[in-house]
Amino acid sequence: MINSENSVTISVRGLEKFYQVVDQKYQILSGMDFEVRAGEIASVEGASGVGKSTLLNILGAMDSFDGGEVEVCGVSLKNLSEKQRENFRAEKISFIFQQHLLLPDFTALENVMMPLLISKINLNQAKSQAKEMLKLVGLGERTESFPSQLSGGESARVGVARALVGKKQLILADEPTGNLDRDNSRHLMDLIKSLQNEFRFSLILVTHDMELASMAHKRNRIVSGRLTPING
Ligand SMILES: Nc1ncnc2c1ncn2[C@@H]1O[C@H](COP(=O)(O)OP(=O)(O)O)[C@@H](O)[C@H]1O
Ligand SMILES: [Mg+2]
């Protein structure tokens with residue numbers, strides 16, 4: 001899954017991002033520089049509205065940017081066509097969201113199979129890989145449940161299974177425990193930690209939960225549009 005332990009998964013240089021609202025231009029990211037290596041967990045912390053989700057969406061080729069260089073998993077994200085963005089996302093990265101965004105009309109198993117089917121993996125293989133991953137997140141008995149039949153903690157774990165099933169190089173998580181109570185947050189955090197230890201993907205962890213952030217190898221916060229290491 002990963003080329004080499006020491007390779008660079010994310011390289012950001014001089015990243016600029018503006019939003020235009022009516023005739024006002026707001027600068028959200030201003031000359032941001034950072035690097036994340038293969039197998040590294042990096043947190044992105046900071047107050048609400050500082051640009052955490054904006055940064056994550058840029059790294060996942062969900063959003064464009066206005067200046068600088070962004071290279072993710074060996075792909076320069078500047079000037080990608082819509083089709084190239086889609087391919088990049090399908091091949092290289094996964095998202096874990098706060099509102100895990102499970103498809104309500106599909107079972108847990110089908111939700112986890114979805115990214116594999118999009119990557120054109122055959123049905124039987126997709127099914128067995130998705131089952132395996134659901135087992136790993138402790139939901140081996142719930143494969144046929146629909147999202148409405150799962151608790152918040154269980155849904156979050158299905159979201160994690162769906163993100164990890166394709167064995168991507170990079171997982172982008174936006175406040176993954178944001179909707180969970182403390183016990184479920186701890187459970188999800190331990191789960192992500194142990195899966196990262198097993199699969200060694202790089203992980204960008206956007207959070208304002210200190211306990212969750214403490215699992216990062218490198219902690220950072222966005223200050224004045226730049227990513228600044230948190231020491232200690
Ligand atoms: N599509 C958009 N158009 C205009 N402003 C936006 C848009 N998306 C986000 N913003 C603004 O950019 C800032 C950063 O947003 P966001 O990245 O979501 O912050 P965070 O995730 O750190 O809470 C906020 O002030 C937000 O209102
Ligand atoms: Mg956000």
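**Ligand shell, cavities and pocket**

The residues of the shell around ligand 1 divide into five nonpolar, five polar and one charged, where Ala, Val, Leu, Ile, Met, Phe, Trp, Tyr, Cys and Pro count as nonpolar, Asp, Glu, Lys and Arg as charged, and the others, Gly among them, as polar. The model is predicted, and local features need pLDDT of at least 70, side-chain atom pairs count only at pLDDT 80 or more, while totals for chains, interfaces and linings use all residues. Residues are numbered from 1 along each chain as its sequence is written, chains are lettered from A and ligands numbered from 1 in the order in which they are written, and side-chain values use heavy atoms, with hydrogens and water left out.

Around ligand 1 stand Tyr 19, Val 21, Ile 28, Ala 47, Ser 48, Gly 49, Val 50, Gly 51, Lys 52, Ser 53 and Thr 54, a residue being near a molecule if one of its heavy atoms lies within 4 Å of it. Strand E1 (8-21) and helix H1 (52-59) each supply at least two residues of this shell, and H1 provides the largest share, three residues; helices (H or I, at least four residues) and strands (E, at least two) are DSSP runs, numbered from the N terminus.

A search of the whole structure finds three cavities of 30 Å³ or more, a cavity being a set of points, on a 1 Å grid over the protein atoms alone, where a 1.4 Å probe fits but cannot get out, with lining residues having an atom within 4 Å of a point. The largest cavity holds about 40 Å³ of space, and its lining is made up of Ile 96, Phe 97, His 100, Ala 156, Gly 159, Val 160, Arg 162, Pro 176 and Leu 188. Helix H5 (residues 152-164) gives the largest share of that lining, four residues. Arg 162 itself lies in helix H5 and is buried, with a relative accessible area of 15%, buried meaning under 20%.

The largest pocket has a volume of about 630 Å³, a pocket being an open set with protein on both sides within 12 Å along at least five of seven lines. Its lining comprises 21 residues, of which Arg 89, Ala 90, Pro 115, Ile 118 and Lys 168 lie nearest its centre. Helix H2 (82-92), strand E6 (93-96), helix H3 (108-118) and H5 are the elements that give two or more residues to this lining, and H2 gives the most, with five residues.

Notes:
Grid points are joined across faces, edges and corners, and a volume is the space filled by probe spheres set on the points. Buried means under 20% relative accessible area, exposed over 50%, partly exposed in between (1.4 Å probe, protein chains only).
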